[in-house]
Amino acid sequence: MSGIEEMERIDVDRVRSYPPRTSEFTQPFWEALAAGRLQTTRCAACGALSFPPKPVCPHCWHGEVRWTPLQPLGRLYSWTRVHAGPEMFAAELPYEVGIVDLDAGLRLALRLVAVPGREFAPDMPVRLVVLRFRDGPLLAAMLR
Ligand SMILES: [Zn+2]
């Protein structure tokens, strides 16, 4: 697909604190993510995008969906800094999480990657990146 940007991959020298649950259905998402590409499912009937990827369209309940690449660009809708987090994330405190509106029209909740000297603010342009942990990838966002 031309015009779709590859995501930057950032190495993180530890395992994920809370590894995501994966399935045979979501395997293409994780494989693409590891390769720096963002993709999700689009309904074959109504054309609506879903994220996270789903085998059934949540808009019209049609059972046929197709994988489609997404431009990993958007804007920060909202964000927060977590100072008191769940036990499994204690070693990472404080950390930032945000809600990102992708240009494709999807709203995602993501970990944010802080850039020294730059503070997050609503409506700032962001790009999605891949955090490459020792045990697998995670999707995150950082300021453009
Ligand atoms: Zn649909």
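Start by selecting Thr 41, which counts as buried because its relative accessibility is 1%; buried means under 20% relative accessible area, exposed over 50%, and partly exposed in between (1.4 Å probe, protein chains only). This is a predicted model, in which local features need pLDDT of at least 70, side-chain atom pairs count only at pLDDT 80 or more, and totals for chains, interfaces and linings use all residues. Residues are numbered from 1 along each chain as its sequence is written, and side-chain values use heavy atoms, with hydrogens and water left out.

**Stop 1: around Thr 41**

Thr 41 sits in strand S2. Strands (E, at least two residues) and helices (H or I, at least four) are DSSP runs, numbered from the N terminus. Show the side chain of Thr 41 and find the backbone nitrogen of Lys 54, which it reaches at 3.0 Å. Then display the contacts of Thr 41, where contact means heavy atoms within 4.5 Å. Not counting residues up to four places away in sequence, Thr 41 touches Phe 25, Ala 48, Leu 49, Ser 50, Pro 53, Lys 54, Val 65, Arg 66, Trp 67 and Thr 68.

**Stop 2: the zinc ion**

Next select the zinc ion. Its protein donors are the SG atoms of Cys 43, Cys 46, Cys 57 and Cys 60, 2.3 to 2.4 Å away. Donors are N, O and S atoms within 2.8 Å of the metal (3.2 Å for Na, K and Ca); water is not among the atoms, so sites may look incomplete. Along the chain, the spacing of the donors is C-x2-C-x10-C-x2-C. Cys 46 belongs to the loop between strand S2 (39-43) and strand S3 (49-50), and Cys 60 to the loop between S3 and strand S4 (65-69), so this pair ties together parts that are 14 residues apart in sequence.

What arrangement do the four donor atoms make around the zinc ion? The angles they subtend are 104 to 116°, which makes the arrangement tetrahedral. Four donors count as tetrahedral if all angles lie between 85 and 135 degrees. Ideal angles for four tetrahedral donors are 109.5 degrees.

Colour by accessibility here. Cys 46 is partly exposed at 42%, and Cys 60 is partly exposed at 35%.

**Stop 3: the loop between S3 and S4**

Stay in this loop and select Trp 61. Its phi is near 65°, a positive value in a residue other than glycine. Trp 61 counts as exposed, with 66% relative accessibility. Pro 52 is also found in the loop between S3 and S4, and the peptide bond joining Phe 51 and Pro 52 is cis, with omega about 0°.

**Stop 4: helix H1**

Now select helix H1. Phe 29, Trp 30, Ala 32 and Leu 33 are buried in H1. Viewed down the axis of H1, the buried residues fall within an arc of 165°, so they line one face of the helix; the arc is that of the directions from the helix axis to the C-beta atoms. These buried residues pack against S2, S4, S8 and S9. After H1 comes Gly 36, with a positive phi near 90°.

**Stop 5: the nonpolar cores**

A nonpolar core is a set of buried Ala, Val, Leu, Ile, Met, Phe, Trp, Tyr and Cys residues joined through side-chain atoms within 4.5 Å. The largest has 21 residues, of which Leu 38, Val 100, Leu 102, Leu 128 and Leu 139 touch the most other members. At least two residues of this core come from each of helix H1 (27-34), S6, strand S7 (107-113), strand S8 (125-133) and strand S9 (136-143). Another core lies apart from it, with seven residues that include Val 12, Val 113, Val 129 and Phe 133.

Centre on Leu 38. Neighbours within four places in sequence aside, its contacts include Met 7, Phe 29, Phe 51, Leu 102, Leu 128 and Leu 139.

**Stop 6**

Move to Glu 92, in the loop between strand S5 (73-82) and strand S6 (95-102). Is Glu 92 buried or exposed? Its relative accessible area is 15%, so Glu 92 is buried.

The side chain of Glu 92 makes polar contacts with the side chains of Arg 14, at 3.4 Å, and Arg 111, at 2.8 Å. A polar contact is a pair of N or O atoms within 3.5 Å; within protein, one must be able to donate a hydrogen and the other to accept it, and residues adjacent in sequence count only if both atoms are side-chain atoms.

In the loop between S5 and S6, also select Pro 94. A cis peptide bond joins Leu 93 to Pro 94, with omega about -10°.

Technical notes:
Tetrahedral: all angles 85-135°; square planar, octahedral: opposite > 155°, others 65-115°.
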